[in-house]
Amino acid sequence: MEIAIVGSGYVGLVTGVCLAEIGHDVTCIDVDKTKINKLKKGLVPIYEPGLDKLLVKNINNKRLKFSYSIKDGAQKATAIFIAVGTPSKKNGDADLTYVENVAREIAESMTDYKLVIEKSTVPAETGKKVAQTIRKYIPKKYRQGNKLLLDFDVASNPEFLREGSAVEDFMNPDRVVIGVESKRAEKLLREIYKPLKPKMVVTNINSAELIKHASNSFLATKISFINAISQICTILEADVLKVAEGMGYDRRIGRQFLNAGIGYGGSCFPKDVDAFIRLSEKSGYKFHLLEQVREINEQQKDAFLKLIEDKMWIVKNKTIGLLGLAFKPNTDDMRNAPSIDLIRALQKEGAQIKAYDPEAVENTRKMVEGVTFSKDPYALAKGCDCLLLVTEWEEFHDLNFEKIRDLMNHPVIFDGRNLYHDKKLDKIGFEYYGIGRPAV
Ligand code: NAD
């Protein structure tokens with residue numbers, strides 16, 4: 001099928017490349033010309049494992065093209081995915097300006113039937129607004145009084161991929177959710193995903209939009225739940241890892257998303273939880289549970305900072321090294337990464353910050369000043385008064401801790417992910433602090 005993707009970021013690009021890989025003719029569109037120029041040369045502007053190879057392969061077999069213009073890129077497509085950003089407004093609402101802009105531009109360039117698919121995460125009822133916008137902006141030559149001479153459908157197809165394993169997730173989805181209001185839209189979406197043979201959940205547009213918000217909010221709730229448990233564990237000298245293990249073997253609960261840490265971050269959970277709270281509020285339901293989920297997340301970040309302040313006593317003029325910056329491994333995405341709040345808070349107290357991350361340094365540079373970036377974990381450790389494990393990148397799993405100990409001013413580790421819980425670092429001379437674990 002001829003498909004256009006508007007917005008070639010983390011979601012749009014992966015969607016475009018993967019849809020080309022399964023046999024469709026895809027044009028990825030973006031207003032960011034630098035991004036499109038890079039992509040045309042086969043260069044991936046983000047870090048996402050496996051994406052670069054598939055990109056080049058599908059450019060070469062001519063199934064993948066790039067354009068800056070919706071008019072050129074989307075006119076020949078039957079299905080157009082909207083995958084632009086939906087950031088938070090100050091009050092927590094999802095800012096749908098980009099979605100509206102794209103809907104308008106699609107309408108203005110329409111010459112035949114289009115299926116317009118929301119891939120971006122949007123609040124319920126957005127589908128209706130997109131349809132209204134398209135109806136309003138279809139050119140005059142395609143109208144007869146109130147009657148439209150062009151047909152179109154709007155559908156919702158939320159994306160559940162995770163940064164860091166996005167290609168794998170797209171190609172092997174747990175389910176594909178489609179919200180449709182016509183047989184034609186359903187048939188086209190089924191055809192698009194047919195090569196993946198996925199489990200399909202077919203529903204109306206509002207329900208599909210809600211599924212995405214409900215899923216992300218549920219996952220955020222699971223994280224905040226175990227983080228709250230970790231606080232109780234700290235008080236009672238219990239071990240959150242064992243509590244999570246004991247809970248997680250229960251199949252009704254499951255092991256995933258029960259890792260206590262320094263709070264969730266990233267480009268999705270914080271903004272999607274905010275947007276869901278606002279949507280509920282506007283619909284007349286006060287979602288107290290989600291307000292608490294958000295609150296616990298903030299408390300968890302504060303608790304990590306307090307632990308550092310407590311154990312270091314005076315932070316001023318101490319050199320603190322961050323092992324990892326990205327909000328999770330295998331991505332360079334720094335949007336809402338907890339490391340940024342940590343850096344700013346510690347700098348405010350006069351600490352000298354060093355940091356190392358395998359992929360996220362360039363994006364971090366744009367967000368904070370005064371940080372010294374190191375070329376590897378050992379260069380980072382040199383001269384540090386303590387290390388903070390922030391992101392559990394694979395390469396941090398098996399470090400030479402004797403070497404690190406000898407390079408540091410003082411061998412102190414605050415393990416924000418409980419990654420080194422079984423390494424017995426205290427036995428080789430480290431002061432070691434995990435999250436929600438008995439003191440060693
Ligand atoms: P992103 O910021 O990486 O990409 C958005 C892209 O849209 C940018 O490249 C931007 O230049 C482009 N854009 C903005 N306005 C445009 C316009 N008028 N025409 C063409 N391009 C335009 O964002 P993302 O992380 O890919 O997220 C996109 C959507 O997908 C969001 O709603 C997000 O919540 C949702 N989502 C994200 C993830 C994730 O892991 N990142 C997962 C699932 C869903």
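A polar contact here is a pair of N or O atoms within 3.5 Å; within protein, one must be able to donate a hydrogen and the other to accept it, and residues adjacent in sequence count only if both atoms are side-chain atoms. The model is predicted, so local features need pLDDT of at least 70 and side-chain atom pairs pLDDT 80 or more, while totals for chains, interfaces and linings use all residues. Residues are numbered from 1 along each chain as its sequence is written, and side-chain values use heavy atoms, without hydrogens and water.

I start with the ligand. A polar side-chain atom of Thr 86 sits 2.6 Å from a ligand oxygen atom. For Lys 271, the distance from a polar side-chain atom to an oxygen atom of the ligand is 2.6 Å; for Arg 335 it is 2.8 Å. Alone, the ligand exposes 830 Å², and the protein buries 89% of that (Shrake-Rupley areas, 1.4 Å probe).

Helix H1 (10-21) and helix H5 (97-108) are the elements giving two or more residues to the ligand shell; helices are DSSP runs of H or I, at least four residues, numbered from the N terminus. Around the ligand there are 25 residues, of which Asp 30, Lys 35, Thr 86, Glu 163 and Lys 271 come nearest (a heavy atom within 4 Å counts as near). The shell has 10 nonpolar, seven polar and eight charged residues; charged means Asp, Glu, Lys and Arg, and Gly counts as polar.

Now, the surface. Leu 236, in helix H9 (residues 205-236), is exposed at 60% relative accessible area, where exposed means over 50%.

Note on methods. Buried means under 20% relative accessible area, exposed over 50%, partly exposed in between (1.4 Å probe, protein chains only).
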